[in-house]
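Please find below a short note on the model, arranged as numbered points for discussion.

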Amino acid sequence: MTGPDDPVLDALRPWLKPGGAGHVLLAVSGGPDSTALMYAAASLRPTSPLLVATIDHGLRPDAAAEAEAVGRAAHALGLPHAVLCWRDDKPITGLQDAARAARYRLLADHAAQAGADLVLTAHTRDDQAETVLMRLAAGSALAGLAGMRPERQLAPGLRLGRPFLGLDKTALVGWCEARGIPFVRDPSNTNPLFARARLRAAAKALAAEGLTSTRLARLAERAARDEAALRQAAQCALLDIRLSAPDGGMRLDGLRLRDLPEAVALRCIDLAIEAAGGSGHRLERLEALVFTHLLPALRAGTTMRRTLAGLVIGADARGILIFSPAPPRKNAGPASPTTGLLGNGDPPAYIGDA
């Protein structure tokens, strides 16, 4: 199982290098991708202890039996296994988004209890391509088009890794089949009720037009590279234009902000909102604030006052920007999530993460 030039083992090996301090938690559903992850990890015999967890979302009658089958396979490999059940009420809309959030929350909680500092999932290049397409359809900006990150922080002291993000799904299916390793196929992957499944069904037609998984994954890499540069520029700009405030609040030199490239100014304002304690704003509203109201006011030397992300953002006649808490609104519903422009983690599933 550990022959030379094995792309699956080669992709996984750097994540299981000797010297790891904590346990490694493998997220295994029983499908071909995660099954390959479990068997490949076991074959590499890492020094860090391996743990296996399966999420039972309670959405399909076969899910419990599939989780038990993963448990039997894990135990045969000498790996501890846990079934993590999503017991919350299921939403009528946005089910896959809620399931994704629950999945990562359950994995993070279990990792903390088990002493794991790394969670590995088996997302592939096909998943990345679907993510990019979903975010493109949702109107995401560069950070969204960057797709899923190979690595990100899942919780304090806990990393999430995706070692197979550069491999096609067929490579993992073939790896299991060549070794006689059984796996299951989740019927929800082909359920046309879900956008990701519809994109999966359209994959051949899109590839015929040049939108192959390889090209979409390359787009994600380029978007991630460019977004990182823009965000770094915005972080530096924010340090330069931030003004001291007696109350410790957020104040900016709007005249210097006005002269920044617009893409940098947009991210600079988003970072300022985050630093001032704001959250829950959508990309479209941020763009409207910056491009329709803020920058025109600064260029014209007029005042401006708008509310966004729980903050009042105002510009006075001198061009000083002040961020202050907005008064509470009556009957205010939950804040809307961002659409993927900013943030260190993966944006919400409705714009593409899995």
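Which residue in β10 is the bridge partner of threonine 307?

1. The bridge partner of threonine 307 is valine 312, in β10. Strands here are DSSP E runs of at least two residues and helices are H or I runs of at least four, numbered from the N terminus. Five bridges join β9 to β10 (residues 311-315), and the two run antiparallel.

2. The model is predicted: local features need pLDDT of at least 70 and side-chain atom pairs count only at pLDDT 80 or more, whereas totals for chains, interfaces and linings use all residues. Residues are numbered from 1 along each chain as its sequence is written, and side-chain values use heavy atoms, with hydrogens and water left out.

3. β9 and β10 belong to an open sheet of five strands, ordered β7-β8-β11-β10-β9 with antiparallel pairing; two strands pair if DSSP finds at least two bridges between them. At the edges are β7 (242-243) and β9 (304-308), each of which pairs on one side only.

4. The largest nonpolar core contains 31 residues, and Leu12, Leu26, Met38, Val52, Leu120, Phe164 and Trp175 have the most contacts inside it. Such a core is a set of buried Ala, Val, Leu, Ile, Met, Phe, Trp, Tyr and Cys residues joined through side-chain atoms within 4.5 Å. Buried means under 20% relative accessible area, exposed over 50%, and partly exposed in between (1.4 Å probe, protein chains only). Elements that each supply at least two residues of this core include α1 (7-12), β1 (23-27) and α7 (169-178). With seven residues, α2 gives the most to this core. Another core, of 30 residues, lies apart from it; Val264, Leu286, Leu294 and Phe323 are among its members.

5. Just after α5, glycine 139 takes a positive phi of about 75°.

6. Lysine 90 is found in the loop between β3 (81-85) and α4 (95-114). Lysine 90 is partly exposed, with a relative accessible area of 32%. Not counting residues up to four places away in sequence, lysine 90 touches His57, Leu59 and Leu95, where contact means heavy atoms within 4.5 Å. The C-alpha atoms of lysine 90 and leucine 59 are separated by 8.7 Å, although these residues are 31 apart along the chain.
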